[in-house]
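Here is a short briefing for a first look. Start with the structure itself, then read the points by topic.

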Amino acid sequence: MDVIREPLAPGVFLTAIRTGKFKSATLSATFLTPLERGRASANAAVPFILRRGCREWPTMEAVSARLDELYGGMLEPTVRSKGETQCLGLIGSFLDDPYTLEGESVLEPAAGLLAQLLLEPATQEGIFRPDYVDGERDNLLLAIRAQMNDKRQYATLRLIQEMCRTEAYGVDRYGAEEEAAALTPQSAWEAYQELLASAQVELHYCGSADLQRVRQVLAPLVEGLRARRGERTPAALRCAVVDRPQGPVRTVVDRLDVTQGKLCMGFRAGGARIGREDYPALLVFNALYGGTATSKLFLNVREKLSLCYYASASTDPVKSLCAVSSGVEFDRMDQAQEEILTQLEAVRAGAFTDEELKSAKQAVIHSFKSALDSRSRLEQFYLTAAVTGVWDGGPEETARRVESVTAQEVVRIAQGIELDTVYRLMGKGDEDRA
Amino acid sequence: MRETRYEKLGMDIFQGSLDNGLRVIVDKRPGYGKQFAFFATRYGGLDTRFDAGEGWWDTPAGVAHFLEHKLFDTKDGNALQLMAANGADPNAFTAFGITGYFFQCTQGFEENLRTLLGFVTEPWFTPESVAKEQGIIGQEIAMGDDEAETEVFYDLLGCLYAHHPVRTHIAGTQESISHITDQTLYACHRAFYTPANMVLTVVGDVDPQGVLEIARQVVTGQGGPAPRRDYGGEEGSDAVRHETSRSMEVSTPLFQVGFKLPVPQDGAQRLRDQLVGALAADLLAGDASPLYNRLYGQGLVNRAFSCGYEDYPGCAFLALGGESRDPAAVRDAVLDQCRRLGSEGFDPAWFERCKKAAYGGMVSQLNSFENTAVELAQGYFDGMDYLTFPEVFRTIRPQEVQEFFARCLTPERCALAVITPKEGGR
């Protein structure tokens with residue numbers, strides 16, 4: 001598997017993975033821009049509006065028919081946040097050329113459709129069509145409101161909003177509801193123009209075509225971008241890392257009509273993150289503490305003490321954060337919180353077996369090794385590299401570094417982990433609790 | 001092992017059989033780090049009445065699913081945890097005509113494969129463990145009763161069929177599973193988990209001969225021949241009822257429109273029927289179809305909409321559905337479009353486009369190890385070579401699909417099932 005990264009124009013980069021392993025190829029374009037309150041919703045609407053239609057294929061039906069012609073290809077709008085960067089784009093998945101029925105090429109027309117959707121959207125009076133903007137504004141509002149439906153994810157989202165309320169990291173990838181409600185054809189168009197002119201653009205290809213051909217099929221898109229941005233180089237993307245809590249532990253309580261409580265705890269990870277020596281140890285710590293079915297939180301808090309319906313830990317290695325997420329009965333919150341911290345103390349004290357360490361490392365290694373067999377995981381891996389600017393090898397290199405993590409390194413990570421914010425989701429009519 | 005090269009798909013498939021009849025199929029994929037193994041029996045929710053050489057026997061609905069749950073128990077503990085501790089990610093499912101057990105891993109493949117083959121062929125049940133499972137599966141069934149999307153689907157099948165067991169939930173009912181004992185499980189395991197009724201498929205960069213060798217070492221039982229099954233004899237071609245409706249706790253009405261299709265035959269014709277059925281579904285109501293886009297524009301359907309062809313032992317149907325404020329209007333528009341396409345046919349460019357999309361979709365599905373392993377196993381059970389679909393696609397002409405519309409997508413074969421919100425609800 002050959003991975004090449006190169007600039008194609010100022011602020012426009014290509015990551016190309018050449019492999020004949022898959023029967024489909026990935027082709028995507030993603031704008032990277034700082035996550036900011038007041039701009040996030042308008043940015044988030046852009047990929048969805050662009051996907052509605054372009055000059056030659058002006059309706060969704062026409063775009064669907066074009067994709068059918070390209071052997072049932074897919075071109076999906078995507079809105080993600082990584083660290084303090086908002087990532088907005090279209091991700092395509094197309095049949096790789098060797099598998100077409102008559103030996104025709106799909107890559108060229110696929111790149112053509114991608115370029116046209118990005119550069120020549122369907123317009124009315126020089127800006128986005130109002131009916132498309134209205135429709136996608138409503139969809140965006142629904143998506144923001146729907147975040148509340150899954151209480152498990154919602155609780156984690158609220159934890160992050162509260163813990164990082166003064167940082168860009170606390171802004172949701174879709175922005176806020178009132179921001180989305182205020183979206184107009186004019187404001188969406190301005191957000192789009194701003195992305196074209198000044199966002200870093202990541203082009204990603206994974207498939208059997210050689211680099212020369214990939215450059216060639218992307219040339220019209222790259223030239224179109226160059227024409228709209230000139231020789232300006234986008235500002236470097238950054239993510240403010242807060243090594244430790246800036247005050248005493250803060251507890252936030254929400255009350256909703258729920259039958260099961262949620263307890264989420266946010267930790268600062270002492271600055272351990274991607275690009276530093278301690279990154280692999282952070283991953284192993286997370287797996288050992290609460291990342292797997294053989295972890296401390298799973299076996300002790302959940303299985304042995306039956307304090308939680310679920311209890312797991314996750315880490316954001318861009319921002320240097322850890323979060324524990326659990327489902328708990330309302331009157332057992334204190335007990336669960338205490339036990340979650342007791343387990344952290346255990347890791348800090350080095351109270352884990354070689355078996356536990358081995359099993360945690362195995363889980364992390366499996367996750368990176370199996371990423372090599374998945375186009376979408378590869379795309380995510382290299383997008384993270386683009387956002388952080390850390391290019392130190394592929395998933396196999398991370399897996400290799402995880403192999404050599406020692407118990408002492410895991411202990412050192414655990415000692416740097418400090419509780420910052422506690423979020424509790426409680427039922428209504430339980431005001432005397434929490 | 002016999003090697004077959006599928007040039008168009010760039011795949012190499014190795015097949016062999018043990019003396020006891022177990023078929024082993026390996027899809028060798030150089031360059032992949034992940035391995036996937038799928039061990040399946042041709043036994044599902046439909047197979048309640050069978051003859052394994054001792055006369056016909058009627059068993060309660062839900063035994064296949066119950067067995068799937070209980071097989072993970074071993075004399076020494078639980079196979080699921082054993083495999084997880086050895087770096088594998090294991091799971092299982094029960095469908096209408098097949099039960100499958102599988103895992104994926106990037107290390108320890110041989111050991112995990114031995115565990116998989118071992119626990120599936122060595123049952124260990126006690127009256128106590130069966131009684132405990134009745135409670136757990138009972139909860140699962142109760143939870144499923146609240147799932148309106150599943151319920152509306154079974155309501156449709158109840159309209160289409162008079163007695164075919166596809167009408168019955170795969171997991172059975174609270175009542176039916178209460179009749180299951182450890183002895184029922186042992187007897188059904190003996191009948192259906194006989195090597196002659198099973199297949200092992202492996203996908204990954206593995207040594208095919210080595211896989212066959214491990215199977216030979218672990219699956220040593222001889223077992224009897226595959227049992228005969230009875231799905232209640234031939235049904236009439238028309239839907240039994242054309243419409244049904246009831247209320248549940250939902251926010252918008254849910255619906256399924258279905259067409260009862262001729263009973264599929266095993267062998268090469270089955271693949272052809274599947275491809276024609278899938279093309280018809282796309283032409284009728286796929287993402288790029290005029291009908292779907294018109295209904296979407298009128299606000300009669302939304303993105304929660306799908307349309308597809310499905311076939312199981314002894315039955316096949318085409319179903320489409322989702323959410324709608326007026327399901328009867330959708331059904332009327334569907335029948336109208338079926339009549340038009342059946343009499344007027346399709347624009348050749350549109351037909352070719354649909355064919356390309358359907359073909360491309362099937363090839364892309366082969367990226368998934370899981371999907372490939374299941375299709376290879378299912379194809380073996382149905383007596384067809386799934387991977388010949390590129391050649392079959394080439395030979396399908398518009399007239400054949402038009403004829404399918406005219407013959408099979410008719411009002412007589414059609415039914416509509418609806419679940420409406422409760423009065424006074426949201």
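Two strands count as paired if DSSP finds at least two bridges between them. On that basis, five strands of chain A form an open sheet with mixed pairing, in the order β9-β13-β10-β12-β11. The model is a predicted one.

**The sheet in chain A**
- The edges of the sheet are β9 (250-256) and β11 (308-316) of chain A, and each of them pairs on one side only.
- On average, neighbouring strands of the sheet are turned by 15° against each other, direction ignored.
- β11(A) pairs with β12 (residues 321-328) of chain A in the antiparallel sense, over eight bridges.
- In β12(A), A:Ala323 is the residue that stands opposite A:Ser314.

**Helices on the sheet**
- Helix α11 (residues 333-348) of chain A packs on the sheet and touches β10, β11, β12 and β13 of chain A. Its direction makes about 30° with that of β10(A).
- Helix α5 (residues 151-163) of chain A lies across β9, β10 (261-268), β12 and β13 (418-427) of chain A. This helix runs at about 135° to β13(A).

**Chain A as a whole**
- Chain A has 15 helices and 13 strands.
- The radius of gyration of chain A is 23 Å; a compact globule of 434 residues would have one near 22 Å, so the two agree.
- Along the principal axes, the C-alpha atoms of chain A fill a box of roughly 60 × 50 × 40 Å.
- Of the 434 residues in chain A, 50% are buried.
- Among contacts in chain A with a separation of 6 or more, 81% join residues 24 or more positions apart.

**Where chain A meets chain B**
- In this interface, 25 residues of chain A are in contact with 27 residues of chain B.
- On the side of chain A that touches chain B, α2 (60-69) and α12 (354-371) of chain A each supply at least two residues.
- That side of chain A has nine nonpolar, nine polar and seven charged residues.

**The domains of chain B**
- The domain assignment of chain B gives domain 1 (2-229) and domain 2 (243-421).
- The centres of these two domains of chain B, taken over C-alpha atoms, are separated by 27 Å.
- Between them, 36 residues of domain 1 of chain B are in contact with 32 residues of domain 2 of chain B.
- α5(B) gives the most to the side of domain 1 that touches domain 2 of chain B, with nine residues.
- By class, this side of domain 1 of chain B has 22 nonpolar, six polar and eight charged residues.

Methods: Residues are numbered from 1 along each chain as its sequence is written. Chains are lettered from A and ligands numbered from 1 in the order in which they are written. This is a predicted model: local features need pLDDT of at least 70, side-chain atom pairs count only at pLDDT 80 or more; totals for chains, interfaces and linings use all residues. Two residues are in contact if their C-beta atoms, placed from the backbone, lie within 7 Å. Helices (H or I, at least four residues) and strands (E, at least two) are DSSP runs, numbered from the N terminus. Ala, Val, Leu, Ile, Met, Phe, Trp, Tyr, Cys and Pro count as nonpolar, Asp, Glu, Lys and Arg as charged, and the others, Gly among them, as polar. Axes are lines fitted to C-alpha atoms, for helices over the stretch in contact, and angles run from 0 to 180 degrees between N-to-C directions. The radius of gyration is taken over C-alpha atoms; the globule rule is 2.2 Å times the number of residues to the power 0.38. A residue is buried if 20 or more other C-beta atoms lie within 10 Å of its own, exposed if 12 or fewer, and partly exposed in between; C-beta atoms are placed from the backbone. Domain bounds come from an automatic or database domain assignment.
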